[in-house]
Each structure stands twice: as structure tokens, then as C-alpha cells.
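Subject: the model I promised you

Hi,

Here is the structure we talked about, handed over for you to look through. Please open it first, and then read my notes below.

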Amino acid sequence: MFSADIITLFPDLFPGPLGASVLGRGMADGLWQLRATQLRDFATDRHRTVDDTPSGGGAGMVLKPDILAKAIDAVAPVDDPRPRILMSPRGKPLTQARAHELAVGPGVVVVCGRFEGVDQRVIDARNLEEISIGDYVLAGGEVAAMVLLEAVVRLIPGVLGALDSRDEESFENGLLEYPHYTRPQTFEGVDIPPVLTSGDHGKIAKWRQEQSLLLTRARRPDLLKH
Ligand code: SAH
């Protein structure tokens, strides 16, 4: 079973949206599991300190490497095969391709940063794979971890009902998805494109392919280079 471990200062935020709808059902059906661990439980002093001031000066606080390493080792001993991931704006951007790779693996161990981030030595010592969810800065890694897990868990076999609807989705074939329509036939004076109600499946497929290309060229020309 796909097993996700989250290390966070806010374990109560989980499962949050990951417990809703198809992902929640998948969890109830035993297709995946989630455990959120309180980083503070690994602190060693009376005040349960997890952070300290940045060496070299500057604003904010940094998560201490010794406490974080203990937490990582507790949830994932050295022989645990799961990738150890750190949510980080400096990381490799999350892609659908990486989500697919993770979805067929044993699970993930995800560290959620807070404050200014994490001491570099624990990133190196525990070989943390830094993953970003986009070029903006969040206050903490929790929402980013949820984004990563939501993208991955829906790809675990059995979690989504209609398997083949996935191939045509945005990014699956390097393109953005074509536009969707459903009834009513006329909405505020606008009809569903006639080709979609023609019953001609060859024409429909061709139209969708064209729309995908047009949208991708207009909005994400960078995708066409691949
Ligand atoms: N000082 C850091 C930002 C820290 S934000 C910098 O300039 O790079 C605090 C935490 O939020 C980070 O440690 C990370 O875990 C999380 N976070 C913020 N933005 C993120 C993003 N775009 N993707 C993934 N995680 C992010």
C-alpha cells in the first residue's frame, strides 16, 4: 500500500482535503495511508524548541538539523525505500511525470518547512529531494505537501474510477486539455459546438486534438518545445 508520512509542526491540518472525495474513499478502501508526525515531539528541551536563529545573521528562524533528522529517522529508518522529500521553493518544479513515478512507488516521506527553511546539513545528510509547487513563496510546506500528495494519490491504481479519462488530461500527453461541454444544449444563447453532438467519433477526436493544440500554443507555448 502507498504510504505517506508527513513531518510537520501542524499535523492537525492533515488529512484535510486529502480526506475528501475520491482520495478519502481510496484511503478508507486501503489503497493508501497517511500519517502526520509532530516535529516538536522530537525536541529535547523543556520548551520543545525546533528552530534557532540563522547562522551569519538575518531575519527569521531555521529548523534545527538535529531535531529534524531524529524525526525523519523515526518515521523512516535507513532501510525505508520511500523517497524523502522536502517541500521547498528552491526545489525542482513538481510535474505530472514525477507524480506518476511516485504513484507507482512505495510512498513518500514529506518534510514541511516553516520559517526561513531547513538547515542545509540535514537536507544533505538525509538526501532530501527538494520539490517546489511553483515560483511563489508560501508560509509553510503543509499546503505544498497536500498539493504533491493530491497529484500523486489520484494516480494510484484504483483511486480514480475512470482510468482512461486520465490519458487525455492536461500534461498527460504534453498538451493542455481541450474544453468541455455538457447540457443544456444552449446556455445564455451559446450552443455546444455541433461537432460534439454529431456522433462522429473520428471528427470529435480530431476537434479535441486541434483545440488542445490551439490552447497549448496560446497559453503554454513552452510545453510544445518538449
Ligand atoms: N526562505 C525560503 C522560503 C521559506 S517559506 C526561501 O526564500 O526559499 C517556508 C516553507 O514553506 C519552506 O521551507 C517550504 O517548506 C514551504 N514552501 C514555501 N514556498 C513553497 C513552494 N513554492 N513550494 C514548496 N514549498 C514551499
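Let me start at the ligand, where an oxygen atom of the ligand sits 3.4 Å from a polar backbone atom of glycine 141. That counts as a polar contact, meaning a pair of N or O atoms within 3.5 Å; within protein, one atom must be able to donate a hydrogen and the other to accept it, and residues adjacent in sequence count only if both atoms are side-chain atoms.

Before going on, a note on the source: this is a predicted model, in which local features need pLDDT of at least 70 and side-chain atom pairs count only at pLDDT 80 or more, while totals for chains, interfaces and linings use all residues. Residues are numbered from 1 along each chain as its sequence is written, and side-chain values use heavy atoms, with hydrogens and water left out.

(Helices and strands here are DSSP runs, H or I of at least four residues and E of at least two, numbered from the N terminus.) Aspartate 5 is buried at 3% relative accessibility, whereas arginine 35 is partly exposed at 43%. For those words, buried means under 20% relative accessible area, exposed over 50%, and partly exposed in between, with a 1.4 Å probe and protein chains only.

Another salt bridge links glutamate 130 and arginine 90, at 3.2 Å between the closest N and O atoms. Glutamate 130 lies in strand 7 (residues 129-132) and arginine 90 in strand 5 (residues 84-93), so parts 40 residues apart in sequence are tied together. Glutamate 130 is buried, at 19%, and arginine 90 is exposed, at 59%.

Then there is glutamate 142 with arginine 114, the closest N and O atoms being 2.9 Å apart. Here glutamate 142 is in helix 5 and arginine 114 in the loop between strand 6 (107-111) and helix 4 (120-125), so the pair ties together parts 28 residues apart in sequence. Glutamate 142 is buried, with a relative accessible area of 1%. As for shared partners, salt bridges join Asp5, Arg35, Asp80 and Arg82 into one network.

Which buried residue has no salt bridge? Aspartate 51: the nearest side chain of opposite charge, arginine 40, is 5.4 Å away. (Lys and Arg count as positive and Asp and Glu as negative; His and the chain ends are not counted.) Aspartate 51 is in strand 3 (residues 51-52). Leaving out residues up to four places away in sequence, aspartate 51 touches Met61, Val62, Leu63, Lys64 and Phe115, where contact means heavy atoms within 4.5 Å.

Valine 75, in helix 2 (residues 65-75), is buried at 7%. Beyond its neighbours within four places in sequence, valine 75 contacts Asp5, Ile7, Arg35, Thr37, Asp80, Arg82 and Val109. Leucine 149 lies in helix 5 (residues 142-153) and is buried, with a relative accessible area of 0%. With the neighbours within four places set aside, leucine 149 is in contact with Phe2, Ala4, Ile6, Leu18, Leu34 and Val108.

Last, helix 1 (residues 21-28), in which Leu23, Gly24 and Gly26 are buried. They cover an arc of only 155° around the axis, which puts them on the same side of helix 1; the arc is that of the directions from the helix axis to the C-beta atoms. Ser21, Arg25 and Ala28 are exposed on the other side. The buried residues of helix 1 pack against strand 2 and helix 5. Just after helix 1, glycine 30 takes a positive phi of about 80°.

Cheers

Notes:
Salt bridge = Lys/Arg side-chain N within 4 Å of Asp/Glu carboxyl O.
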